[in-house]
Amino acid sequence: MLLVVGAFIVAFVLLLYMVSPLISPRPLKLNGAHVVVTGGSSGIGKCIAIECFKHGAFITLVARDEVCDWMNCECLLTISQVVLCISVDISKDYGQVASVIKQAQEKLGPVDMLINCAGKSVAAKFEDIEVGLFRRLMETNYLGSIYPTRAVIHTMKERRLGRIVFVSSQAGQVGLFGYTAYSPSKFALRGLAESLQMEVKSYNIYITVAYPPDTDTPGFQEENKDKPLETKLISETSGLCQPDQVAKIIVNDAVQGNFNSSIGPDGYMLSALTCGMSPVTSITEGLQQIVTMGLFRTIALFYLGSFDSIVRRCMMQQGKCADVEKKD
Ligand SMILES: NC(=O)C1=CN([C@@H]2O[C@H](COP(=O)(O)OP(=O)(O)OC[C@H]3O[C@@H](n4cnc5c(N)ncnc54)[C@H](OP(=O)(O)O)[C@@H]3O)[C@@H](O)[C@H]2O)C=CC1
Ligand SMILES: CCCCCCCCCCCCCCCC(=O)[C@@H](N)CO
């Protein structure tokens, strides 16, 4: 009996592997492709742009300030490729965004891959966040990803070709102390990505959502200036990455057409744990999720316990400090 069940399982898995080419897309060729990177002037976005450039892509960088300084980078001296720098605020006016994307397409051809990386983060306690900031983060991180996507999707559908990346964050998979304004704007990207993927898969367009941990960038340095100690200690759990490492992983996942792009061992566990109803792009990924979910939930409960105790300890510490100040 056991043998029959075993044989069935093996046959089932083999069958899945046989049909797997049907569900995984063909990799995108970066050589000669036109890649648009929002937030391409700094941090992760800049490294993504460099990575794509090294693979032979034509790049359009989008940011509010026009900075193309990495063009002087030593590694990029033999150049027949073009890098276009466009200055626009991606979060304000759809008309403006659509018009700059149109200009870029006229110069470098239709967009093959769009990387939505422009974003901002703020870490502070809920009641310390100025109320306008909740809206501004939603505008930059969420609407700022909608507008460029909306501007390229029609042509991608016509061409039956395209890749779109949303750079979320591990804080877009789990809500953490200090991220009441930031996390929701990153969670929103996942909802957008899942819905859009279902609409465009039959047009051979593949969406990737990337969930990086803390990454050493100018944006991260800025965020650290007034980050609550709790947020710092909790985030340290999954370590600090270098932006070029993160960029390599994101670009590779986007080229492969993987829906999920995670970084590091904690990132891998978080993605398996929070996969919900998101699409799979390989049989291996699906099988891993099925097998590991219970174990990862168990581990997650320990993590949650340790996060709670960090918050409690910080509260006690701050209580003590307040007492000392009162005495002084
Ligand atoms: N660093 C980290 O720890 C992590 C970052 N992330 C996410 O990765 C992305 C990049 O982060 P990081 O590299 O640290 O960021 P940086 O602050 O270093 O760079 C942000 C980039 O986005 C551009 N940008 C910001 N706002 C706008 C806007 N309204 N319109 C156009 N461009 C804009 C900036 O240029 P300019 O100011 O000139 O407009 C800059 O090029 C963000 O979405 C962030 O949330 C996710 C996880 C971890
Ligand atoms: C099995 C379960 C494993 C659970 C692991 C949990 C680890 C949580 C760590 C979350 C770190 C969040 C970093 C946010 C980075 C970010 O977006 C900002 N730095 C942007 O500037």
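# Rings, cores and salt bridges in a predicted model

Phe134 is partly exposed, with a relative accessible area of 23%; here buried means under 20% relative accessible area, exposed over 50%, and partly exposed in between (1.4 Å probe, protein chains only). The model is predicted: local features need pLDDT of at least 70 and side-chain atom pairs count only at pLDDT 80 or more, while totals for chains, interfaces and linings use all residues. Residues are numbered from 1 along each chain as its sequence is written, chains are lettered from A and ligands numbered from 1 in the order in which they are written, and side-chain values use heavy atoms, with hydrogens and water left out.

The structure holds five aromatic pairs. One of them joins Phe126 and Phe134, whose ring centres are 5.5 Å apart and whose planes meet at 65°, so this pair is edge-to-face. Rings of Phe, Tyr and Trp (its six-membered ring) pair if their centres lie within 6.5 Å; planes under 30 degrees apart count as stacked, over 60 as edge-to-face and the rest as tilted. Phe126 itself is exposed, at 54% relative accessibility. The rings of Tyr268 and Phe296 are likewise edge-to-face, because their centres lie 6.0 Å apart with the planes at 80°. Tyr268 belongs to helix 9 (residues 264-273) and Phe296 to helix 10 (residues 283-327), so the pair ties together parts that are 28 residues apart in sequence. Helices (H or I, at least four residues) and strands (E, at least two) are DSSP runs numbered from the N terminus. Tyr268 is partly exposed at 35%, whereas Phe296 is buried at 10%.

The largest nonpolar core has 31 residues, of which Ile101, Ile164, Phe166, Leu196 and Ile207 touch the most other members. At least two residues of this core come from each of strand 3 (83-87), helix 3 (94-108), helix 4 (131-159), strand 5 (162-167), helix 5 (182-200) and strand 6 (205-211). Apart from this core lies another, of 29 residues, including Val37, Ala210, Cys241 and Ala254. Such a core is a set of buried Ala, Val, Leu, Ile, Met, Phe, Trp, Tyr and Cys residues joined through side-chain atoms within 4.5 Å.

Strand 3 is mostly covered, with four of its five residues buried. Strand 2 (residues 58-63) pairs with strand 3 in the parallel sense over five bridges, where pairing requires that DSSP find at least two bridges between the strands. Within this pairing, Leu61 stands opposite Cys85 of strand 3.

Gln197 lies in helix 5 and is buried, with a relative accessible area of 4%. Not counting residues up to four places away in sequence, Gln197 touches Ile205, Tyr206, Ile207, Phe259 and Pro279; contact means heavy atoms within 4.5 Å.

The last topic is charge. The whole structure contains eight salt bridges, each a side-chain nitrogen of Lys or Arg within 4 Å of a carboxyl oxygen of Asp or Glu. In one of them, the side chains of Lys92 and Glu139 meet at 4.0 Å, N to O. The two are 47 residues apart, with Lys92 in the loop between strand 3 and helix 3 and Glu139 in helix 4. Lys92 is exposed at 53%, whereas Glu139 is buried at 18%. Glu223 forms a salt bridge with Lys227, the closest N and O atoms being 2.9 Å apart. Glu223 is buried at 6%, and Lys227 is buried at 7%. Salt bridges that share partners join Asp89, Lys92 and Glu139 into one network.
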